Amino acid sequence: MMEIIDGIAPVAERYDGFVLDLWGVVHNGKALYPGVAEALSELKARGKGVVFLTNAPRRAWFIAKMLDGMGLDRALYDAIVSSGEVSWWHLKHRSHPWFAKLGRACVHIGPDRDLSVVEDGAAEVVEDPRSASFLLNTGPDPVRGPKSVEPYRAALEACHAAGLPMLCVNPDRAVMVGDDRVLCAGALADVYLDLGGAVLEIGKPDPAVYDPVLEALGNPQRHRVLAIGDTPHTDLAGAQAAGMDALWALTGLAAAAHGENPEPSRLAAVAHEEGVRPIAALRSLRW
């Protein structure tokens, strides 16, 4: 059986820092979930560190502006670490071995709003795979849509035929936007892997993305940090691999998969299947 708690108040004093997923925990892609701002305010009033860790394929400044538009006060969190920000840093500095061997030119699959990942000369987008050195995958675009991978197959096959490695800037396979389940870059990465292509995914569950998170929190001991996420194979698995406790938020994809009032035994079974051990499930991010 898995314990289900209504809010974070019962566990707040056990931790110094909180690592929160965004889509599916803080907001639904359109608006903040009820009680989120109040919960963050309570944490900050108690001197807790709060960092958002998201697989969003955009830089942190872009995500902060989006949260501004939802009415979330910047005083309620300390930093944003995104897959897009980490990818941009690697493309800019080229110190990681995988990035060091890449050229500057890439083919981009994804919406134009994700191009902050290559800003400041980090990379140059070209149309022809034969003129590129890698494929930048930030997810579905508005033209081909977010419901199926099939409209992307021809482009993926062309990039594979050109021998391009894929940089996947969002390991999520899907996300909830309002009440709609839409595909993410990870779903396109799966197709590329099936074709035999080489793929590097940046983001959760890779424990490496937690290093800048801990730095933003002031480098607390890992057992004093709690991660909260709605997806076992990214949020919960990533926190576990990084040596942190985790709460399984029953919003976002978890709500879509298991309903508003899931059976604790079913949640325990899914966690076991995924190989994760959250300390409890959380009905929603509220105090």
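Start at the largest pocket, which holds about 570 Å³ of space. A pocket here is an open set of points on a 1 Å grid over the protein atoms alone, where a 1.4 Å probe fits, with protein on both sides within 12 Å along at least five of seven lines; lining residues have an atom within 4 Å of a point. A volume is the space filled by probe spheres set on the points.

This is a predicted model, where local features need pLDDT of at least 70, side-chain atom pairs count only at pLDDT 80 or more, and totals for chains, interfaces and linings use all residues. Residues are numbered from 1 along each chain as its sequence is written, and side-chain values use heavy atoms, leaving out hydrogens and water.

Now select R58, R113, V175, V177 and V182, which lie nearest the centre of the largest pocket among its 33 lining residues. Colour β9 (174-177) next: this strand (a DSSP run of E, at least two residues) gives the largest share of that lining, 3 residues.

Move on to the second largest pocket, with a volume of about 280 Å³. Of its 14 lining residues, V86, H90, A208, V209 and P212 are closest to the centre. Show helix α3 (residues 83-93), which contributes the most to this lining, 5 residues; a helix is a DSSP run of H or I, at least four residues.

Last stop: helices α5 (residues 153-161) and α6 (residues 185-195), whose axes lie 10 Å apart. Select R153, L156, E157, C159 and H160 in α5, and you will find them meeting L188, V191, Y192 and L195 in α6 (contact means heavy atoms within 4.5 Å).

Terms used. Axes fitted to C-alpha atoms, helices over the stretch in contact; angles between N-to-C directions.
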